[in-house]
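Please read the following briefing alongside the sequence and the coordinates.

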Protein chains: 2
Amino acid sequence: MAKGILLVADGLGDRPIESLGGKTPLEVAKIPNIDKLAAEGENGLLDTIGVGVRAGSDTAHISLLGYDPYKYYTGRGPFEAAGIGMDVIEGDVAFRCNFSTVDENMVILDRRAGRITTGTDQLAKAMAGLKCDDMEIIFKESVAHRGALIIRGKNLGANITDTDPHHEKAKVLVCKPIDPNDEASARTAKAVNFFVQKSYEILKDHPVNLERIEKGLNPANVILPRGGGVGPSMENFEKKYGIKGACVSETGLINGVAKYVGMTIVDTPEATGGYDTNCIAMAKNIIKALEDHDFVLSNVKAADVAGHDNNPNGKIDMLRKIDAMIKYLMENVSKDTYIIFTADHSTPCELMDHSGDPVAVCIWGKDVRVDDVKEFTERACAKGGLCRINGQNLLPILTNLMFVQDKFGA
Amino acid sequence: MAKGILLVADGLGDRPIESLGGKTPLEVAKIPNIDKLAAEGENGLLDTIGVGVRAGSDTAHISLLGYDPYKYYTGRGPFEAAGIGMDVIEGDVAFRCNFSTVDENMVILDRRAGRITTGTDQLAKAMAGLKCDDMEIIFKESVAHRGALIIRGKNLGANITDTDPHHEKAKVLVCKPIDPNDEASARTAKAVNFFVQKSYEILKDHPVNLERIEKGLNPANVILPRGGGVGPSMENFEKKYGIKGACVSETGLINGVAKYVGMTIVDTPEATGGYDTNCIAMAKNIIKALEDHDFVLSNVKAADVAGHDNNPNGKIDMLRKIDAMIKYLMENVSKDTYIIFTADHSTPCELMDHSGDPVAVCIWGKDVRVDDVKEFTERACAKGGLCRINGQNLLPILTNLMFVQDKFGA
């Protein structure tokens, strides 16, 4: 059977940058292999979610995998939780969390608890087995000061306010339903407040924290959930498309989206999520994953970091790394493998945040209608044979080329 | 009033073909009149149902006429039945059927009953007037070994298994509801099993079959329904658009779709559905139908046959015939007639089946914004003024040009 790779350069899309002479990083970077991909492929513009829509990386990847983010996304929490290996089930309300430091009046002294790196597993263990009324409370630590929380029970909502005031010297907020008549969200809010209160009671004198205080470090004496969302009912990827998928990514959030729809998560220890990441190690894992999978989603993160940092040269440098990665993939895939290269959204350097500008997309492989685009840039791809497509179109296009799609009709 | 023609070359779209030097049949064929249409018209790419979606001819034509196939299509049966002149009403479950030959244990000896050509009208007559509980059973013969069946009654479903095992030496299957709790489909299944059993009882000793046996021919001693679908409630074409439509087509299935929405069916005896068809006879019928209709849908079949046969030269030959047909139309339409030329889907020769690749589309007529596309090919049209559109966009585009569309708003 044919194979497929969807390689996403996070936040790659950009706008004309003054310091680059009105060009985008793609237009300046020397990327002979990506340009070869474009010259041998079919190109276009892609709106990951919708025309002009400012996408997040989570919602964009939901859409790129062919699921409607407006239907399935109610918050980042469920995907964050799935990304650190928690089993989120339909109807759960899940949150991402920070370990923080508060004083005895619940005023925040340090939102990240001195960027704690060790001992959070023991703190998490101390939080096990909590219940609020009939609701189960499940917490798991992640990297550094991060973690995820699941509230499990019947009739829960996620239309609630945050507990994290998002700045220091402010008091931890009481979680409330946004609509006072929304009983399901009121239930969730009650459990969240219970959890935050219990976290302070349980963690303030925990040996890990006593030791931190002794060392002059901020104790991780409270856990603040945010970004709550209801676990959606999403069709399994393999069932939806008839192909088995894996994910080679650098961030828990993308892994979480992939895991949520049942894809295999492949870890690449050399992938750091930063400028220093090892793209070739990721490429090798993609090729390896294709041995027993039909499809690999891969996300390289740092182009987005460069956008957020207003670092055009950082983005250009990352492009050279991705260029080498594409070269490796083109040289090592089997003849019946299709490569789709695109971004999940633009992160224009001068904007330092995500934008709704469309991104370039290339589909490369043996049966595509090769067009006359010769370089992979936002403006060149706008003239390609794909014209302008939507993120949710990619998997139908790919499964059509792979010839694994059922015919609709006779 | 302005007039409109929608000419569909079935399965015309293709992919680059190795034996044609990486070109598609449209890129190789000498089609000066179709190229003239493109040069004088506005061109684009068309996804008949959706981007990347592998369309059937039935679902594609439903979409090309501006109806949502996901809403209206539950199976081929209702359109097949309508296409042979049966009056399918909303809620009917309709099937296409084969006359087959079975032994006394209901094991299939010949799925097509020796490709019987005569006498099926008498066999059908013998099946008249059957009822199963409160359900009416209506059968009509079609060409050769084919026919169609309607089960009529309240509360019927079409979520059922096939009776036809689709290969010989296998036993006729018992029809069952796919979901055991689906009572509506269970009712239908009961009627189908009753019909199949009765067909054997009534036909096995029918004089037509006794005569066949005497001649050493396989008797048509059972009727096997398949492709069942619930008759949808589709708005009448003339009511929907304010224009009166006719259909000049070669196949029962396309006629069935057109008849289902109330269009006039115009028969062209010289249209065979094969390579030997007479496109000029069809063109003459189109021009004639426009005398008392505003719109004609026409479908020429054989380009699709060539695709299924992996016969690029056959497709190229058909294109020359269609080129002559377009010439005839351009020379014989009134000045205020618009011609839309497109395909219902790609049937790439090397794939030998339908694919989800978009097809070229051209809209020709006095008020279109002529673009700079000079030849009608998949790749050239991708750069046309229409950009990339959906099948359901065509009738709104046409009724806008014909100026018969109500303004939405003030």
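Of the 410 residues of chain A, 56% count as buried, a residue being buried if 20 or more other C-beta atoms, placed from the backbone, lie within 10 Å of its own. This is a predicted model, in which local features need pLDDT of at least 70 and side-chain atom pairs count only at pLDDT 80 or more, while totals for chains, interfaces and linings use all residues. Residues are numbered from 1 along each chain as its sequence is written, and chains are lettered from A and ligands numbered from 1 in the order in which they are written.

**Overall dimensions**
- Chain A has a radius of gyration of 22 Å, which agrees with the value near 22 Å for a compact globule of 410 residues; the radius is taken over C-alpha atoms, and the globule rule is 2.2 Å times the number of residues to the power 0.38.
- Along the principal axes, the C-alpha atoms of chain A fill a box of roughly 65 × 55 × 40 Å.

**Domains**
- Chain A is divided into domain 1 (3-73 + 235-401) and domain 2 (80-230), with bounds from an automatic or database domain assignment.
- The C-alpha centres of domain 1 and domain 2 of chain A lie 33 Å apart, and their contact takes six residues from domain 1 and seven residues from domain 2, where contact requires C-beta atoms, placed from the backbone, within 7 Å.

**Contact between chains**
- In chain A, 18 residues are in contact with 30 residues of chain B.

Note on methods:
Contact = placed C-beta atoms within 7 Å. Buried ≥ 20, exposed ≤ 12 C-beta atoms within 10 Å, placed from the backbone.
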